[in-house]
Amino acid sequence: MDLFDYMKETKLENESPLASRIRPRTLEEVVGQEHIIGKDKLLYRAITTDKLSSIIFYGPPGTGKTTLAKVIANTTSANFTQLNATVAGKKDMEAVVKEAQDSLGMYGKKTILFIDEIHRFNKGQQDYLLPFVEDGTLILIGATTENPYFEVNGALISRSIIFELKSLDKDAIMTLLDRAVTDKERGLGAYGAVLEPDAREFLADVAGGDARAALNAIELGVLSTKPGADGKIRIDLATASECIQKRVVRYDKTGDQHYDTISAFIKSMRGTDPDAAVYYLAKMLYAGEDIKFIARRIMICASEDVGNADPQALQVAVAASQAVERIGMPEAQIILSQAVSYVASAPKSNAACEAVFAAMESVRTKKTSVPVHLQDSHYKGSAKLGHGIGYQYAHSYPEHYVKQQYLPDEIADAVFYEPSENGYEKVIKERLEHLRNRPGEI
């Protein structure tokens with residue numbers, strides 16, 4: 001590196017955003033992701049022993065994908081080069097490959113190629129990398145916010161280890177905020193700022209697991225807030241809210257507001273009030289609630305409260321759950337709103353729910369045995385025991401139905417599922433009554 005390159009890099013480092021300046025340089029500085037970089041985990045061992053194979057980091061924004069790549073760059077003995085798939089073209093890749101081939105051939109030195117936003121590469125660009133990953137010319141590190149099983153070529157996937165990064169929890173974000181405010185070398189420590197506890201907790205909460213969002217907010221707060229009478233820059237709740245462009249909402253994801261809001265959300269869907277249900281959905285999303293948690297509650301309501309009155313409600317809810325995991329925020333809010341408004345507007349019945357509860361109670365309190373004619377008759381000797389004798393095969397009868405006893409003798413007259421008159425369940429009820437009351441049925 002010549003003097004001009006050094007000065008340029010130094011200037012960029014000093015003037016770069018806080019989230020970039022304070023990025024961890026070693027594994028010990030990394031916060032969160034213990035499930036993949038804990039000291040007994042594969043990735044930790046691979047990095048510390050410099051024995052990396054091709055890997056793909058997959059996870060939401062601000063969770064440390066690029067950070068881990070930079071840590072690898074700081075610890076590996078291999079050459080390290082970086083491309084961003086949003087701007088890089090084939091010529092850039094050809095140049096990297098040529099340099100990697102020369103380095104391997106002349107010095108026996110491997111090259112790690114980090115490709116940020118790898119899902120942005122088209123199939124042809126991804127295919128170009130395959131032979132060089134295959135023969136060891138390149139060790140690929142890809143980073144993507146999209147599910148690699150959908151967005152990255154299967155051939156590259158099969159040659160890589162996938163590491164999924166999770167959204168950082170609240171404690172991890174608060175740790176990073178504390179580091180940012182106090183670090184005098186790379187952070188904001190020189191300003192002597194004070195981050196009030198409620199503002200710290202608020203930023204960590206609404207950042208939604210995105211460290212970059214929280215760090216950008218605290219940087220803006222410190223740089224734009226004038227010192228008070230005591231000469232200190234104080235970041236209070238109002239300032240924090242303004243800097244992250246979110247109004248403070250009374251919603252603690254581990255406290256009463258969490259349970260009260262989710263309770264109101266479920267009861268609004270059950271009560272067929274789509275307006276209220278969508279409102280509570282918006283409140284939870286605004287406060288940074290986990291979209292997967294919300295999707296689970298919608299699925300439960302679709303079965304517990306809608307049930308067979310509209311069997312499609314569960315299909316909509318399950319599809320929404322799968323979609324939000326693949327797409328993420330902010331678009332996931334549209335999918336969740338569709339599912340919530342559908343489930344809330346659907347006809348309701350808890351008959352299926354009540355049926356299993358009643359059956360469970362019967363199982364718990366009464367000892368029963370399977371009727372002989374329903375017992376397995378496929379093994380040798382079963383006929384001697386009378387198993388299966390007298391069983392009537394339903395498909396041999398009109399409408400594929402024949403009346404016979406299926407419940408154990410001890411509870412032969414029990415009724416667990418009682419369809420309502422609502423929605424499609426009315427059709428189910430009418431069909432069951434028709435079959436049971438056919439002429440000639442005993």
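User: Is Ser268 buried or exposed, and what is its relative accessible area?
Analyst: This is a predicted model, in which local features need pLDDT of at least 70, side-chain atom pairs count only at pLDDT 80 or more, and totals for chains, interfaces and linings use all residues. Buried means under 20% relative accessible area, exposed over 50%, and partly exposed in between (1.4 Å probe, protein chains only). Ser268 therefore counts as buried, with a relative accessible area of 9%.

User: Which residues does Ser268 touch, leaving aside those up to four places away in sequence?
Analyst: Ser268 is found in helix 14, residues 256-270. Helices (H or I, at least four residues) and strands (E, at least two) are DSSP runs, numbered from the N terminus. With contact taken as heavy atoms within 4.5 Å, the residues touched by Ser268 are Asp273, Ala276, Ala277 and Tyr280.

User: How far apart in space are Ser268 and Val340?
Analyst: In sequence, Ser268 and Val340 are 72 residues apart. From C-alpha to C-alpha, their separation in space is 9.8 Å.

User: Which residues of the largest nonpolar core touch the most other members?
Analyst: A nonpolar core is a set of buried Ala, Val, Leu, Ile, Met, Phe, Trp, Tyr and Cys residues joined through side-chain atoms within 4.5 Å. The largest one here has 32 residues. The members touching the most others are Leu195, Leu203 and Ile218.

User: And which helix gives the most to this core?
Analyst: Helix 2 (18-21), helix 10 (170-182), helix 11 (197-206), helix 12 (211-224) and helix 13 (237-243) each supply at least two of its residues. The top contribution is 7 residues, and it comes from helix 10.

User: What does Ile218 touch, not counting residues up to four places away in sequence?
Analyst: Ile218 is one of the members of that core with the most contacts to other members. The residues it touches are Leu18, Leu177, Ala180, Val181, Leu188, Leu195, Leu203 and Ile235.

User: How many residues are in the other core, which lies apart from this one?
Analyst: Cys301, Val316, Ala317 and Leu336 are among the members of this separate core. Its size is 29 residues.

User: At what angle do helix 10 and helix 11 pack, and what is that arrangement called?
Analyst: Axes are lines fitted to C-alpha atoms, for helices over the stretch in contact, and angles run from 0 to 180 degrees between N-to-C directions. The axes of helix 10 and helix 11 lie 8 Å apart. Angles under 35 degrees count as roughly parallel, over 145 as roughly antiparallel, 65 to 115 as roughly perpendicular and the rest as oblique. The packing angle is about 125 degrees, so helix 10 and helix 11 are oblique.

User: How are helix 16 and helix 17 arranged relative to each other?
Analyst: The axes of helix 16 (residues 291-306) and helix 17 (residues 312-327) come within 8 Å and cross at roughly 170 degrees. The two helices are therefore roughly antiparallel.

User: Which residue is the bridge partner of Leu83 in strand 3?
Analyst: Strand 2 and strand 3 pair in the parallel sense over 6 bridges. The partner of Leu83 is Ile115.

User: Where is Glu117, and how large is its relative accessible area?
Analyst: Glu117 sits in the loop between strand 3 and helix 7 (123-134). Its phi is near 55 degrees, a positive value in a residue other than glycine. Glu117 counts as partly exposed, with a relative accessible area of 23%.

Definitions and conventions. Residues numbered from 1 in each chain as written. Heavy atoms only, no water. Pairing = 2+ DSSP bridges.
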